[in-house]
Amino acid sequence: SMSSVPSLRADAARAALYHRCIRPGDRMMPTRHDLRESLTRAGEQGLALLDRLSDGDLARETTNERWCVREHLVHLVNSEPGLCRTIRAALKDEWVIPEDFDLDRWNQRQVERNNDLLLSDLRREFAVNRAATLALLEELTDVDFDRQARHASLKVLSLGEFFQIIENHQYEHLGAVEAALA
């Protein structure tokens, strides 16, 4: 039953971590175990929310004037693989985000390009992406967690922080979706 799945909005406070963890020097790094547990739980919550949605819900407006429910979901399923690509590149000492990267323009282009995805596609992509993120988490050594890369926000972060961002970014966007359903 849905009552057994904690509300994403109850976890929206965690989205504050999203901003806290990208402030340089604030290093409260969770362990691999913590990250695995929290990303798994977030994935289960995300799938439970996606299971509640109908095709009609995709057009619902959200608190973000530019994006409806569909666009939040399209953005989410496009951003997680991008963050993982950045992590993989950093493992090879490559930085793939240029210093002049325009995150807003990129996000809008990705949403426009993929706006025909069906709800079933979005659910499948979300599940596939989270499995890939969890697999990547297991590939990193303890030393790798401290490696750095440029995030699309242009902040330089540890790879451990990238995994926190994946989770908190999900709470941010699915929290907006859940609020639109209320």
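I started at Arg 130, whose side chain makes a polar contact of 2.9 Å with the side chain of Glu 80. I count a polar contact as a pair of N or O atoms within 3.5 Å; within protein, one must be able to donate a hydrogen and the other to accept it, and residues adjacent in sequence count only if both atoms are side-chain atoms.

Before going on, I noted that this is a predicted model, where local features need pLDDT of at least 70 and side-chain atom pairs count only at pLDDT 80 or more, while totals for chains, interfaces and linings use all residues. I number residues from 1 along each chain as its sequence is written, and side-chain values use heavy atoms, with hydrogens and water left out.

**Arg 130, continued.** I placed Arg 130 in helix H5. My helices (H or I, at least four residues) and strands (E, at least two) are DSSP runs, numbered from the N terminus. Is Arg 130 buried or exposed? It counts as buried because its relative accessibility is 4%. For me buried is under 20% relative accessible area, exposed is over 50%, and partly exposed is in between (1.4 Å probe, protein chains only). Leaving out neighbours within four places in sequence, I listed Leu 39, Ala 42, Gly 43, Glu 80, Ile 166 and Gln 170 as contacts of Arg 130; contact means heavy atoms within 4.5 Å. I also checked Arg 130 against Glu 167: 37 residues apart in sequence, their C-alpha atoms are 9.7 Å apart in space.

**Whole chain.** I went back to the overall layout and got six helices and two strands. Read from the N terminus, the order is α-α-α-α-α-β-β-α. Of the 182 residues in the protein chain, 48% are buried. I also looked at contacts between residues at least 6 apart in sequence, and 81% of these join residues at least 24 apart.

**H2.** Helix H2 covers residues 32–52, and its 21 residues reach 30 Å from first C-alpha to last, close to the 30 Å expected at 1.5 Å a residue. I take the expected span as 1.5 Å times one less than the number of residues. Buried residues in H2 include Leu 35, Leu 39, Ala 42, Gly 43, Gly 46 and Leu 50. An α-helix has 3.6 residues a turn, so residues three or four places apart point the same way. What do the buried residues of H2 pack against? I found helix H3 (69–91), helix H5 (119–139) and helix H6 (159–181).

**H2 against H5.** The two helices pack at an angle of about 175 degrees, with their axes 10 Å apart. That makes H2 roughly antiparallel to H5. My axes are lines fitted to C-alpha atoms, for helices over the stretch in contact, and angles run from 0 to 180 degrees between N-to-C directions. Angles under 35 degrees count as roughly parallel, over 145 as roughly antiparallel, 65 to 115 as roughly perpendicular and the rest as oblique. Among the residues that meet here are Leu 39, Ala 42 and Gly 43 from H2, and Phe 126, Ala 127 and Arg 130 from H5.

**H3 and H6.** H3 has 17 of its 23 residues buried, so I wrote it down as mostly covered. For H6, 21 of the 23 residues are buried, so the rest of the structure largely encloses it. H6 reaches 34 Å between its first and last C-alpha, close to the 33 Å expected.

**Arg 150.** I found this arginine in strand S1 (residues 148–150). Beyond four places in sequence, Arg 150 has contacts including Thr 86, Trp 95, Pro 98 and Phe 162.

**Loops.** Most residues other than glycine have a negative phi. Asp 93, not a glycine, has a positive phi of about 60 degrees. I located Asp 93 in the loop between H3 and helix H4 (103–113), and it is exposed at 62% relative accessible area. Leu 154 is not a glycine and has a positive phi of about 80 degrees. Leu 154 sits in the loop between S1 and strand S2 (156–158), partly exposed at 35%.

Last entry: Asn 115, in the loop between H4 and H5. Asn 115 is partly exposed, at 27% relative accessible area. Not counting residues up to four places away in sequence, Asn 115 touches Arg 70, Glu 71 and Val 74.
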